[in-house]
Amino acid sequence: RKTKWEDECVHRMSRDEPLPAISYEDWDTAEKKKEEEAENERKKVKKAQDDQRRLEKERLRKEAKRDSDNDNDDDDSDEEIMKELQKQNLRGYKKTSDGKTTSYFNHEQTAEGKALIGDITPKRLESGGDCSTVRSSAAESAWNTAGTWEERDTTEWCTEALRKRLLSTKVTTTTPGVTPTSVLYTGSIKEVKDLSGDASFATASGKKKYIFDFHTELSFQISVPDADFGTNNNSSDETDVKVIGEGTLNIPDVCSTVVGDGNYDVEVSWKKRPPTDDSGAFECANLLVNATRLSVNQFVVDFNECY
């Protein structure tokens, strides 16, 4: 395009009466305007030609219709009658025996077909009484005598059962040494701060499959007998103890795919850390983590026994 502009500049300078030079921007604007005017003119001519052809077709159609109306209607052939019937019907639709318009693919049953199929009205299945259907197992519905795949939601029951097992988790340990100088450490789960997820069990071919996936966050504490309440280190009264450590246990994956082998994380986060040299407190925390895993395993046993 710039080549054309350069040619235009040369042409202006080579005239007998040279014209002033023109910038590329001005020349480009003028060229675009010329091209737009030429395009509009071309469209105008094309529209006039199209209108002319349309009028000609309309004239020929009217003449053909006028000639057709002059023909004798009583001399219609079978082919013309079929064409007229086809015009009266919408493509892809048909008329049923009661005069309704329906899809071409809709099947209308005949009286013989209805008699052959018989009564197909849905009937309620009863699980007891005189019903001949026998349940294949307690875990399957009355209708599932073939043992096909069936799944039931047990989230509510499992959530409550797991919560009870976790809250019952408690361990005790003592420091090594002579009995009078040993200290009794107690670790326990004090609160289930968060427990969310879902659970279900499925049956297929008489076999059960237990499915669950939970996430939980637990509040725990490590305590020892408080000397201010006496010298009885074996006291079990929670009002006579001193909390030397507390925090949270976070278990992100309490799910059926990993609980069986115990290969899942239990993250310990201290809110109040025991003294660094108090090895008994940290040993008690480790025992509490293992006991929490055992509580989860006991929940699985409860789940299997209940369903």
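**Figure 1. Antiparallel pairing of strands S7 and S8 in the predicted model.** Strand S8 covers residues 267–272 and is joined to S7 by five bridges, with the two strands running in the antiparallel sense. Within this pairing, Glu-246 is placed opposite Lys-272 of S8.

**Figure 2. Antiparallel pairing of strands S6 and S7.** Strand S6 comprises residues 207–225, and strand S7 comprises residues 241–255. Twelve bridges connect these antiparallel strands. One of the residue pairs shown is that of Val-224 with Lys-242, its bridge partner in S7.

**Figure 3. The S5 and S6 hairpin.** Strands S5 and S6 run antiparallel and are joined by 17 bridges. Across this pairing, Glu-191 faces Ser-219, which belongs to S6. Two residues lie between the strands of the hairpin. At Ser-205, the hairpin shows a positive phi near 55°.

**Figure 4. Pairing of strand S5 with strands S3 and S4.** Strand S5 spans residues 184–204 and pairs with S3 in the antiparallel sense over four bridges. Here the bridge partner of Glu-150 is Thr-203 in S5. Strand S4, made of residues 170–174, also runs antiparallel to S5, and five bridges join the two. In this second pairing, Thr-173 stands opposite Tyr-185 of S5.

**Figure 5. A nonpolar patch on the surface.** Leu-116, Ile-117 and Ile-120 make up this patch, and together they have about 380 Å² of accessible area. Ile-120 is situated in the loop that lies between helix H4 (111–117) and strand S3 (150–153). The relative accessible area of Ile-120 is 66%. Ile-120 therefore counts as exposed, because the exposed class begins over 50%.

Technical notes. Residues numbered from 1 in each chain as written. Predicted model: local features only at pLDDT ≥ 70, side-chain atom pairs only at ≥ 80, totals over all residues. Heavy atoms only, no water. Patch = residues over 30% accessible without salt bridge, like charges linked within 9 Å, V, L, I, M, F, W, Y side chains within 5 Å. Areas by Shrake-Rupley, 256 points an atom, 1.4 Å probe, with all protein chains shown as cover. Salt bridge = Lys/Arg side-chain N within 4 Å of Asp/Glu carboxyl O. Buried < 20%, exposed > 50% of the residue type's maximum accessible area, 1.4 Å probe, protein only. Pairing = 2+ DSSP bridges.
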